[in-house]
Amino acid sequence: MPSRPAMLLGGLLLIVASTTAAQRKGQETARRHRAHRVQQGQCSYTFVLPEPEPCPPTPKVFGSLQRDSPAATLNLGDWSRQRMQQLEKMLENNTQWLQKFLNQTSRMEIQLLETSLSTNKLEKQLLLQDNELHRLQGHNSALETRVQALETQQQAELDSLRGEKEKLRLLLGRQSGALAGLESTLRAASINSSVLQRQQHQLLQSVQRLMRIIARGPASMKAVEQVFQDCAEIQRFGASASGIYTIHVASVAEPRKVFCDMETSGGGWTVIQRRENGNVNFQRNWTDYKQGFGNPAGEYWLGNEVVYQLTRRGNYSLRVELQDWEGNEAYSQYEHFQLGSEGQLYRLSLRGYTGSAGHQSSLILQSTNFSTLDADNDNCLCKCAQLMSGGWWFDACGLSNLNGIYYPVGHHLRKMNGIRWHYFKGPSYSLRATRMMVRPLGV
């Protein structure tokens, strides 16, 4: 359905066309028609009204018709006047409608003008915004280039820093290793010095004791021939300084040099194992672990046969002391400790665990046989002594191995065949130092 403006415009065109035709016709019949002119702005509109045609002359009729002629003439004049009034009324209505249409057209023109101005304004704003967008895009492109350059520079600096960090790490590792070696050397020298001092002191005490014995007479000379089974007996006899002593264990042919700890937890401890610097190779066969090896002043293993003979004649306790590479120390202590004979594969028997090296024991408490590289006595299808190295009570490769490979600092992590104690530092941390000591229960 056409909109009202379209209808109005169509009506206007129709009127204008009618007006033009009427003007042409008016020129032809100017003498016969009346014209009505309307001025609206620069436009003028002419409306041509038809003039009533003159009535033909009334024939003269005689008789009754002649008497009616004046009345007929009068009625025709009234009709013409009424028709003229109707046409004038129609013209007036059309003129009013046309005036309204022109007013609406003027308003529409004003609105179109305002819309055109708004459109121009929007176009200018869009143009400004487009220019600003182009400027921002160019600025953004410059910033992106700058950021990329900075990222490249930072990446190069980061790579350089990583290289420097790696060099420093390697240097620190070498320095830490050298420092550990110096500390071990200093510790060994200190131990040796302390041992010499203790030996001198013990020698002086022995000479003084011997002089007192000689002064008391022949009956006291029997004390000189006394044999000490372990460090606890040496302590009871009067020794109070930790150091190297000689013990004579029953059923063992030769006397043994041992390190006695006379200070820890009341003293009287006979050290049966010590690791501190890796100077002694613990990758030994069954015979070596049976007889013992190493130096009591440093790293050594007393020997399974000596420990068996020592613990078979009484109730002994075991104390295991541990130290990591960060300087932390912990211990595990067992109230009852005993080894079986060689025929029993030096089977381990433990009871009564306490200590700070874990919430539970890292040694299997019962029925664990000793295994070495050439004697596989564990409870695993694999050979734990070959897999984990050293000689130990492995069970099924177990939670500990204090006789594993000695790894220096910087190489002590993720080592399953190192010096392990699971509930202290985990399954693959190789420790810095360990000691295993025994003494009679109740000391």
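Student: Which residue of β14 is the bridge partner of Ser317?

Tutor: In β14, Arg439 is the bridge partner of Ser317. This is a predicted model: local features need pLDDT of at least 70, side-chain atom pairs count only at pLDDT 80 or more, and totals for chains, interfaces and linings use all residues. Residues are numbered from 1 along each chain as its sequence is written, and side-chain values use heavy atoms, with hydrogens and water left out.

Student: What makes β8 and β14 a pair?

Tutor: Two strands pair if DSSP finds at least two bridges between them. Eight bridges join β8 (residues 316-323) to β14, and therefore the two strands pair. They run antiparallel.

Student: How many bridges join β5 to β14?

Tutor: Five bridges join β5 (residues 269-275) to β14, and these strands also run antiparallel. In this pairing Val271 stands opposite Met437.

Student: Why is α5 called a helix?

Tutor: Helices are DSSP runs of H or I with at least four residues, strands are runs of E with at least two, and both are numbered from the N terminus. The element α5 spans residues 304-311, eight residues, so its length meets the helix cut-off.

Student: How many residues of α5 and of β14 are buried?

Tutor: Seven of the eight residues in α5 are buried, among them Tyr308 and Leu310. In β14 (residues 433-440), eight of eight are buried.

Student: Why is Cys231 called buried?

Tutor: Buried means under 20% relative accessible area, exposed over 50%, and partly exposed in between, with a 1.4 Å probe and protein chains only. Cys231 has 0%, so Cys231 is buried. Cys260 also has 0% and is therefore buried.

Student: What makes Cys384 and Cys397 a disulfide?

Tutor: Their sulfur atoms are 2.1 Å apart, therefore they meet the cut-off. With -90° about the S-S bond, this link is left-handed. Both Cys384 and Cys397 are buried.

Notes: A disulfide is a pair of cysteine sulfur atoms within 2.5 Å.
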